[in-house]
Amino acid sequence: MLSIPAVAAALDVDRRTVYRFIAAGDLPVVDLRTGTERSRVRVSAAGLEEFIARRLVGSPRPRR
């Protein structure tokens with residue numbers, strides 16, 4: 001399980017961008033909240049890999 005800062009570092013983006021991906025439903029999280037304290041979300045390594053795979057872009061075809 002990866003923390004939000006770890007996911008941000010892996011994607012080379014800001015933490016706020018990671019939270020936007022989560023809010024959009026693009027990046028699945030596990031909420032580890034215990035009681036009334038703040039939410040503690042984590043991203044599974046598999047979830048991060050799937051997110052990256054969905055966003056892979058093939059190289060452009062060479063022009064003739």
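**Close-up views of a predicted model**

**View 1. The largest nonpolar core of the predicted model has 12 residues.** These are Ile 4, Val 7, Ala 8, Leu 11, Val 18, Phe 21, Ile 22, Leu 27, Val 41, Val 43, Leu 48 and Phe 51. At least two residues of this core come from each of helix 1 (4–11), helix 2 (15–23) and helix 3 (45–55). Helix 1 gives the largest share, 4 residues. In soluble globular proteins, nonpolar side chains tend to be buried together.

**View 2. Ile 22 and its contacts.** With neighbours within four places in sequence left aside, Ile 22 is in contact with Ile 4, Leu 27 and Val 29. Of these, Ile 4 and Leu 27 are listed with Ile 22 in the largest nonpolar core.

**View 3. Buried and exposed residues of helix 1.** Ile 4, Val 7, Ala 8 and Leu 11 are buried in helix 1. They lie on the same side of the helix because they cover an arc of only 100 degrees around its axis. Ala 9 and Ala 10, on the other side of helix 1, are exposed. The packing partners of the buried residues of helix 1 are helix 2, strand 2 (41–42) and helix 3.

**View 4. The largest pocket and its lining.** This pocket holds about 160 Å³ of space. Its lining consists of Ile 4, Pro 5, Arg 15, Tyr 19, Arg 38, Ser 39, Arg 40, Val 41 and Arg 42. Helix 1, helix 2 and strand 2 each contribute at least two lining residues. By class, 4 lining residues are nonpolar, 1 is polar and 4 are charged.

Notes:
Residues are numbered from 1 along each chain as its sequence is written. This is a predicted model: local features need pLDDT of at least 70, side-chain atom pairs count only at pLDDT 80 or more; totals for chains, interfaces and linings use all residues. Side-chain values use heavy atoms; hydrogens and water are left out. A nonpolar core is a set of buried Ala, Val, Leu, Ile, Met, Phe, Trp, Tyr and Cys residues joined through side-chain atoms within 4.5 Å. Buried means under 20% relative accessible area, exposed over 50%, partly exposed in between (1.4 Å probe, protein chains only). Contact means heavy atoms within 4.5 Å. The arc is that of the directions from the helix axis to the C-beta atoms. On a 1 Å grid over the protein atoms alone, a cavity is a set of points where a 1.4 Å probe fits but cannot get out, and a pocket is an open set with protein on both sides within 12 Å along at least five of seven lines; lining residues have an atom within 4 Å of a point. Grid points are joined across faces, edges and corners, and a volume is the space filled by probe spheres set on the points. Ala, Val, Leu, Ile, Met, Phe, Trp, Tyr, Cys and Pro count as nonpolar, Asp, Glu, Lys and Arg as charged, and the others, Gly among them, as polar.
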